[in-house]
Amino acid sequence: MSSLPIISLTGLMSDDLDQRKETAAELGRACREVGFFYVKDHGIPASVSEGAFELARQLFALPQDQKQAMSIKNSPHNRGYVAMADEKLNPESGADMKEGFNIGTDFPADHPDVLAGKPFRGVNFWPEIDGWRERALEYFNACLDMGRVIHRGLSLDLGCPEDFFEPHLKEPIATLRMLRYPASADQIDRQDGGAGTHTDYGNITILATDKVAGLEVSNRQGEWIQAPHVPGAFVCNIGDCLMRWSNDVYVSTPHRVRPPESERYSIPFFLEVGPESVVDPRDIAPDDTPKYEPIAFADYLASRLNATYDHRAD
Ligand SMILES: O=C(O)CCC(=O)C(=O)O
Ligand SMILES: [Fe+2]
């Protein structure tokens, strides 16, 4: 593998099962062999994703004290602002030269799960910028819709009922992250200085990039291949939860971000299942010897995040 496949989602939207199966097989091949691919013909207009980058620029341009007032350190639910160098996607490697802002599934403060203090069921922080929240949520929901469609394809490919993931994606843990990497190619010589080499934690990630290069994906031979910006397409990859759930049929692939030549923005949407969803390989691969014990997703995610942030480890 020296480049990532580009897959059209048109077939998945068809009423014809054979067409859905055809696209599902294409997705499945990519999930088994590479774990990374681009999706096009996804139904999200370019203006909508470009709008999300505009929101990111507005947010990161706020004075530092306003960003810190929304710090993720004040949220046990993984929401809010992550300051430069406060995250280590690869704890062995060092701090990431980036800042970020996390938006989760938007619950009102009086939602029963929020009142009950359930893990990852919290309220979001919002910047005081006119219309920002509405536009961010519009983009969040567009990604969620696309993620559900992709999951229907994955279910078909895995030989599960097409709606297998639906209950798990009804009120999922999903995180829209805006990221800003400062231009730092001439200051940092660590190849993973933007984002340390890591795999994602959830089911799938849907990533919008700007035109600045940086993302690299490790192929099965351990070579780093570039994942450049493809106009109109999103990068999509499998996370560790879905790898585990599929009993390693799908692969969650290591990737990193190089310190970019010029300022770089990216917007990943991490689609993860509900906190109480039990991830059990026997559901997806009933004929195989399970390689993993069943685990509630919230417990799994908490263990992964605790290794990423010092404030959570404390
Ligand atoms: O910025 C990117 O292109 C990728 C970021 C990433 O891999 C992540 O945040 O998990
Ligand atoms: Fe990632």
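**Note on the sheets, helices and ligand shell of a predicted model**

1. In strand β11, His255 is the bridge partner of His198. Strands β6 and β11 are antiparallel to each other and share 2 bridges; two strands count as paired if DSSP finds at least two bridges between them. Helices (H or I, at least four residues) and strands (E, at least two) are DSSP runs, numbered from the N terminus.

2. The structure is a predicted model, in which local features need pLDDT of at least 70 and side-chain atom pairs count only at pLDDT 80 or more, while totals for chains, interfaces and linings use all residues. Residues are numbered from 1 along each chain as its sequence is written, and chains are lettered from A and ligands numbered from 1 in the order in which they are written.

3. The β6-β11 pair belongs to an open sheet of 4 strands, ordered β6-β11-β8-β9 with antiparallel pairing. Because β6 (195–198) and β9 (224–226) are the edge strands, each with a single partner, one side of each has no neighbour in the sheet. From one strand to the next, the twist averages 25 degrees; axes are lines fitted to C-alpha atoms, for helices over the stretch in contact, and angles run from 0 to 180 degrees between N-to-C directions.

4. A further open sheet contains 8 strands in the order β1-β2-β10-β7-β12-β5-β4-β3, and its pairing is mixed. Its edges are β1 (6–8) and β3 (80–82), each of which pairs on one side only. Neighbouring strands in this sheet are turned against each other by 25 degrees on average, direction ignored.

5. Met178 in β5 is the bridge partner of Phe101.

6. Helix α2 (residues 46–60) lies across β4, β5, β7 (204–209) and β12 (264–272), and runs at about 110 degrees to β12. Contact here requires C-beta atoms, placed from the backbone, to lie within 7 Å.

7. The shell around ligand 1 includes Leu179, Asp200, Thr209, His255 and Ser266; a residue is near a molecule or strand if its C-beta atom, placed from the backbone, lies within 6 Å of it. At least two shell residues come from each of β7, β11 (255–257) and β12. The shell has 6 nonpolar, 3 polar and 1 charged residues, where Ala, Val, Leu, Ile, Met, Phe, Trp, Tyr, Cys and Pro count as nonpolar, Asp, Glu, Lys and Arg as charged, and the others, Gly among them, as polar.

Notes:
Two residues are in contact if their C-beta atoms, placed from the backbone, lie within 7 Å.
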